[in-house]
Amino acid sequence: MKIGDLVTFTPEAWGTPLGDRPLGVITDVETRPDATEIETYQMVTAIFPGDDIPYSSNIKDFEVVNENW
């Protein structure tokens with residue numbers, strides 16, 4: 001996952017079908033310096049249309065929608 005990727009929430013994080021989950025764009029990917037398991041401690045910030053406030057959460061809460069770009 002990298003800045004500029006188009007993402008949506010995973011089914012576990014949002015609980016609805018893919019078509020009902022909002023699409024957002026990754027604006028930041030951050031790894032905590034004390035991380036022992038990289039994936040567990042990566043935080044992702046995404047902005048969603050209609051929201052002025054970016055949303056930050058664990059990387060496991062998002063899935064990339066635009067593969068191979």
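User: Before that, what kind of model is it, and what are the ground rules?

Analyst: This is a predicted model, where local features need pLDDT of at least 70, side-chain atom pairs count only at pLDDT 80 or more, and totals for chains, interfaces and linings use all residues. Residues are numbered from 1 along each chain as its sequence is written, and side-chain values use heavy atoms, with hydrogens and water left out.

User: How many bridges join strand 3 to strand 4?

Analyst: Four, and strand 3 covers residues 42–47. A46 has Y55 in strand 4 as its bridge partner, and T45 stands opposite S56 in strand 4.

User: And between strand 2 and strand 3?

Analyst: Six bridges there, with the two strands running antiparallel. One spot to look at is V29, whose bridge partner in strand 3 is V44.

User: Switching to rings. How many aromatic pairs are there?

Analyst: Five. The rule is that rings of Phe, Tyr and Trp (its six-membered ring) pair if their centres lie within 6.5 Å; planes under 30 degrees apart are stacked, over 60 edge-to-face, and the rest tilted. Take F9 and Y55: their ring centres are 5.4 Å apart and the planes sit at 75 degrees, so that pair is edge-to-face.

User: Where do F9 and Y55 lie in the fold?

Analyst: F9 is in strand 1 (residues 6–9) and Y55 in strand 4 (residues 55–58), so the pair ties together parts that are 46 residues apart in sequence.

User: Is F9 buried or exposed?

Analyst: F9 is buried, at 6% relative accessible area, while Y55 is partly exposed at 38%. Buried means under 20%, exposed over 50%, and partly exposed in between (1.4 Å probe, protein chains only).

User: Which other ring does Y55 pair with edge-to-face?

Analyst: F62, at 6.3 Å centre to centre with 75 degrees between the planes. F62 is buried, with a relative accessible area of 4%. Ring pairs link F9, W14, F48, Y55 and F62 into a cluster.

User: Now charges. How many salt bridges turn up?

Analyst: Two in the whole structure. To count, a side-chain nitrogen of Lys or Arg must be within 4 Å of a carboxyl oxygen of Asp or Glu. One joins the side chains of K2 and D5, at 3.4 Å from N to O. K2 is partly exposed at 43% relative accessibility, whereas D5 is buried at 3%.

User: What about R21, which residue does its side chain meet?

Analyst: E63, in a salt bridge at 3.1 Å, N to O. R21 lies in the loop between helix 1 (11–14) and strand 2 (23–31) and E63 in strand 5 (residues 62–64), so the pair ties together parts that are 42 residues apart in sequence. R21 is buried at 9% relative accessibility, and E63 is partly exposed at 29%.

Methods
Two strands pair if DSSP finds at least two bridges between them.
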